[in-house]
Amino acid sequence: MVVRNPVTWLGTPAFPKAAKDALANTQLRRNLRNATSTIRGKRAAAVAELPDWERLRAAGAAIKDEVLANLDTYLIRLEAAVTARGGTVHWARDAAEANAIALRLIRATGETEVVKVKSMATAEIGLNEALAEGGVTAIETDLAELIVQLGEDRPSHILVPAIHRNRAEIKEIFQRAMPDVPADLTSEPRALAEAARRHLRRKFLSAKVAISGANFGVAETGSIVVVESEGNGRMCLTLPETLITVMGIEKVVPSWPDLEVFLQLLPRSSTAERMNPYTSVWTGVTPGDGPQAFHLILLDNGRTATLADEVGRQSLRCIRCSACLNVCPVYERTGGEAYGSVYPGPIGAILTPQLVNDPKDKQAASLPFASSLCGACYEVCPVSINIPEVLTHLRARVVENKSSLAPEAIAMRALAWVMADAKRFERAQQAGTLARFLGRDGKITRLPWPGSKWTDVRDVPVPPAESFRSWWRRTRGDQ
Amino acid sequence: MRVGLFATCLTDTFFPETAKATVRLLERLGCRVEFPLAQTCCGQMHFNTGYAKQAKPLARDYAELFGDYDAVVAPSGSCTGMVRDIHPGLTASPIAARTYELSEFLVDVLEVTEVGAYFPHRVTYHPTCHSLRMLGVGEKPLRLLRAVRGLDLVELPESSSCCGFGGTFAVKNAETSTAMLTDKMHHVIGTAAEVLTAGDNSCLMHIGGGLSRLRSGVRPVHLAEILASTEEEPWSSATR
Ligand code: SF4
């Protein structure tokens, strides 16, 4: 049996259909619009404060590229350093392997409940669901992640998974799903945060096992770095006895000075803060302080396949800041769930299909087309991932896997044939003047399918009787 | 200076007035303009839709056809972006670096911002994504517009957000494209401008097509047509 890679959600339709459904939800659109426009403005201001931003970006990209070019070396160095400090390293080829390792480690402790630091890697592999199947309950401790979990919802943003919810909706979710919620809960942000805090505190104090992701892993010393805003992660990283970290293999950096670059790039791009409130770093185990057992699961799950692609590999530079989501005009309208994966928005449109790595997956194949190629994502990306370049590259790959008899492929070839010769092109222009009979007052209001997708909301200008080239030839001759 | 005009397939076919205006303007500014009749298309639609293979010969033809010119000018930010950014990856194209979008050519190469234009209308400007981000034209079109006599320039709110065209995106993801278009039209209409201008007929066709459907009364006019308009030979709505 082929095990499905859970990086995309089962049952999500291709993007155009999913987007259409999302667009009909006006509440969602309003929530998203408010949230993204606020953070856009803040990010721009935070970035403008640094005179050397462009050089920082270049440095961030260069460090990541160096790591990716020598990934094997750095990973082995990381493994050696973690092991030397009393940690244990596990290698996982895919989601199933990573989930099985985590479940085995938790079972060995005899626990059935674990607390979790918000993590993209564990969401990518569907760890919570896999643990639940194995009889282990994973409790999310990040506020937004908790809202998604209690709402039995799906995350819609990398940083703020509950961005599609407003305060009133969150209050309802808490009242429904939180057993110890105060009877007089209001939708005041402070009241909501307080309710979540009380709910989580009990979990922190009782949990013996914690699961985290990693923002960075320093190869030289074996140190793992997690940055966050709420401090709940730090509770998970210090209170339990056993800590299991799932880290994508691309998260390794060579040494400590490299962090200087990323700890400037990440918070400003992500939350528009000069520095993130909590940066937790741990190195193996420290006797008598913090977790006494530390397991690092190094996750591939499509990453080495992505690395093998010359154009696509730059996607692995991503530090998951979510700036590209917040500026994306498509994401702003459709929200994250339409992308059918924990990686939505522009980065999702390029990363998800590469991690899925299955040309027959129709939903993943629709994602590289979920962009107008406006380039706003590339402009803000702190590690200069040329997202439009990867999008068109992946589109070409989709086309390669398409039947050459598909209507679009035939039309594109026919058009290329016409364009390949100016005489043919001119004849087509003249034939096009027929279209003038379709139109009135200089515009066409209705075309047959697929042109109807255009004329549903837009008029088309009627081509004038004389093209520019005819005019040129008439007035200037054949020069 | 011997300038090759790359009209682009869309402008050649649907908006000949834009290309005529470009010729008029460049000649007024002392350029010798030629239009090699063997030109067709930059291949952008093919490339952006995933048909890079079909775009390659078009890029090769472009490089051959325009190779001898001092500069090539196109009244389109997105086709210029295609030539300059993408062609070199498809074929050897020494001319790619000497291909300019109109406002770049005027401001950077000819070093003019006052082109002797007269256009007594209330105008708002949409900086199309490829002009703005691929080429980085920045304030150049605005500087040109501000120097036009009689022109009342009004700022377009959220001007840098995409209009939702994106080539085949407008058809492949029609609903999302429409949602983006709707917001753009809302901002355009809010300015109370009579004319919406831009450096790309593709985006203007998209936004203009929507504005026409709404019977908004706002006219899309390419930047070249505004800059070519003079007191002696004023722009006229009849020609568009
Ligand atoms: S692609 Fe760039 S902007 Fe988007 S999340 Fe990754 S690092 Fe941030």
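## A salt bridge in chain B

B:Glu233 and B:Arg24 pair through their side chains in a salt bridge, with N and O 3.9 Å apart. A salt bridge here is a side-chain nitrogen of Lys or Arg within 4 Å of a carboxyl oxygen of Asp or Glu.

This is a predicted model: local features need pLDDT of at least 70, side-chain atom pairs count only at pLDDT 80 or more, and totals for chains, interfaces and linings use all residues. Residues are numbered from 1 along each chain as its sequence is written, chains are lettered from A and ligands numbered from 1 in the order written, and side-chain values use heavy atoms, without hydrogens and water.

## Domains of chain B

Chain B is assigned domain 1 (2-109) and domain 2 (122-239). Such bounds come from an automatic or database domain assignment. The C-alpha centres of the two domains of chain B lie 20 Å apart. Their contact (heavy atoms within 4.5 Å) takes 31 residues from domain 1 and 25 residues from domain 2. About 2,300 Å² is buried between them, 64% of it from carbon and sulfur atoms. Buried area is the accessible area (1.4 Å probe) that two parts lose on being put together, summed over both. Two salt bridges cross this interface.

The UniProt annotation "domain: Cysteine-rich", from an unreviewed entry, covers residues 3-83 and 123-207 of chain B. UniProt annotations may be inferred rather than shown by experiment. Residues 3-83 of chain B are 58% helix and 12% strand, with end C-alpha atoms 16 Å apart. For residues 123-207 of chain B, the values are 49% helix, 12% strand and 15 Å.

## Domains of chain A

Chain A is assigned domain 1 (15-304) and domain 2 (407-476). Their C-alpha centres are 52 Å apart.

## Where the chains meet

Chain A puts 61 residues in contact with 60 residues of chain B. The two chains bury about 5,300 Å² between them, 60% of it on carbon and sulfur atoms. On the chain A side, A:Met412, A:Trp454 and A:Phe468 lose the most area to chain B, together 13% of what that side buries.

Nine salt bridges cross the interface of chain A and chain B. B:Arg133 forms a salt bridge with A:Glu379, with the closest N and O atoms 3.2 Å apart.

## Nonpolar cores

A nonpolar core is a set of buried (under 20% relative accessible area, 1.4 Å probe, protein chains only) Ala, Val, Leu, Ile, Met, Phe, Trp, Tyr and Cys residues joined through side-chain atoms within 4.5 Å. The largest has 111 residues, and A:Phe174, A:Val252 and A:Leu296 have the most contacts inside it. Another core, of 40 residues, lies apart from it and includes B:Ala7, B:Val23, B:Ala71 and B:Ala228.

Definitions and conventions:
Helix = DSSP H or I, 4+ residues; strand = E, 2+ residues; numbered from the N terminus. Buried < 20%, exposed > 50% of the residue type's maximum accessible area, 1.4 Å probe, protein only.
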